[in-house]
Amino acid sequence: MSDANAAERQLPKHIAIIMDGNGRWAKKRFLPRIAGHKVGVETVRKIIRYCAKLDIQVLSLFAFSSENWRRPGSEVSFLMELFFLSLEREVKELHSHQIQIRFIGNRDRFSERLRNKITEVESLTRNNQGMVLIIAADYGGQWDICESVKRLALQVKNNEINPADINPTHIARGLSFADLPDPDLFIRTSGELRISNFMLWQLAYTELYFTDTHWPDFNEKELDKALNHYAQRERRFGLSSEQLGETICSNNALSQH
Ligand code: IPE
Ligand code: IPE
Ligand code: MG
């Protein structure tokens with residue numbers, strides 16, 4: 001796609017990706033699973049750069065789920081080391097591009113070394129004004145909602161809020177990235193048609209896109225395909241198509257006055 005076309009299409013503010021299929025990519029090549037994870041990191045680099053170039057506001061990447069601890073110990077250790085080394089290797093360049101890096105998920109189960117690295121990366125990039133990169137690690141959508149509910153329960157206990165007054169906004173406010181827009185576009189690679197406990201609450205009205213491409217093979221062209229699909233979707237948020245037409249007309253009418 002030419003830059004002119006890219007500029008014209010309706011781009012999502014927030015893209016959330018389940019980077020799946022590293023193991024299957026490796027298996028197809030008679031390689032160990034970890035080889036797929038290594039190549040997967042290269043795809044991460046490519047996609048971050050491309051999203052920043054397109055001026056995407058927020059990019060969220062699911063790096064490790066709450067359930068991934070159940071994998072063989074050797075794979076988990078490899079992933080933790082790869083996570084640490086990738087942060088160490090990439091952060092300088094990301095920082096120089098004004099990218100703000102945030103981590104969502106439960107940090108308690110990480111090693112102290114990794115926890116320190118995460119804190120260091122977050123504080124280094126905290127004031128950056130470019131794209132926000134959210135890395136979901138030891139993250140689960142159910143965990144996220146539970147954490148928010150725990151905070152609310154405490155407010156109820158302290159008589160700061162009446163249980164009868166609790167509404168969805170209260171829960172949304174306590175989630176991991178409440179200050180940022182919810183994902184507009186969700187992408188999952190490698191063919192599985194499921195959410196796997198990713199941002200359960202925040203995906204309520206997200207456009208979903210699935211591709212059979214394994215994550216190590218995913219690239220700028222594949223992302224463009226997803227963006228083109230997104231640009232063709234009509235986001236109705238519960239309204240009828242006709243109502244949307246009216247809203248657009250009245251907005252146009254308003255903007256002419
Ligand atoms: C995604 O690839 C990476 C992580 C979950 C960390 P997988 O490792 O899930 O690859 P498949 O699904 O087994 O092919
Ligand atoms: C989801 O992928 C988690 C990440 C990509 C980090 P999984 O490969 O763990 O999901 P399932 O087990 O196939 O649902
Ligand atoms: Mg998988």
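Which residues are around ligand 1?

## Ligand 1

The shell (residues with a heavy atom within 4 Å) around ligand 1 consists of Met19, Asp20, Gly21, Asn22, Gly23, Arg24, Arg33, His37, Ala63, Asn68, Arg71 and Leu79. This is a predicted model, where local features need pLDDT of at least 70, side-chain atom pairs count only at pLDDT 80 or more, and totals for chains, interfaces and linings use all residues. Residues are numbered from 1 along each chain as written, ligands are numbered from 1 in written order, and side-chain values use heavy atoms, without hydrogens and water.

Polar contacts are pairs of N or O atoms within 3.5 Å. Oxygen atoms of ligand 1 lie 2.9 Å from a polar side-chain atom of aspartate 20, 2.7 Å from one of arginine 24 and 2.9 Å from one of arginine 33. The protein covers 87% of the 380 Å² of accessible area that ligand 1 has on its own (Shrake-Rupley, 1.4 Å probe). Helix α2 (22-28) gives the largest share of the shell, 3 residues.

## Ligand 2

Around ligand 2 are Ile18, Met19, Asp20, Phe62, Ala63, Phe64, Ser65, Asn68, Arg71, Arg188, Arg194 and Ser196. Strand β2 (residues 58-65) gives the most, with 4 residues. Helices (H or I, at least four residues) and strands (E, at least two) are DSSP runs.

The distance is 2.9 Å for asparagine 68, 3.3 Å for arginine 188 and 2.8 Å for arginine 194. Of the 390 Å² of accessible area that ligand 2 has on its own, the protein covers 79%.

Methods: A polar contact is a pair of N or O atoms within 3.5 Å; within protein, one must be able to donate a hydrogen and the other to accept it, and residues adjacent in sequence count only if both atoms are side-chain atoms.
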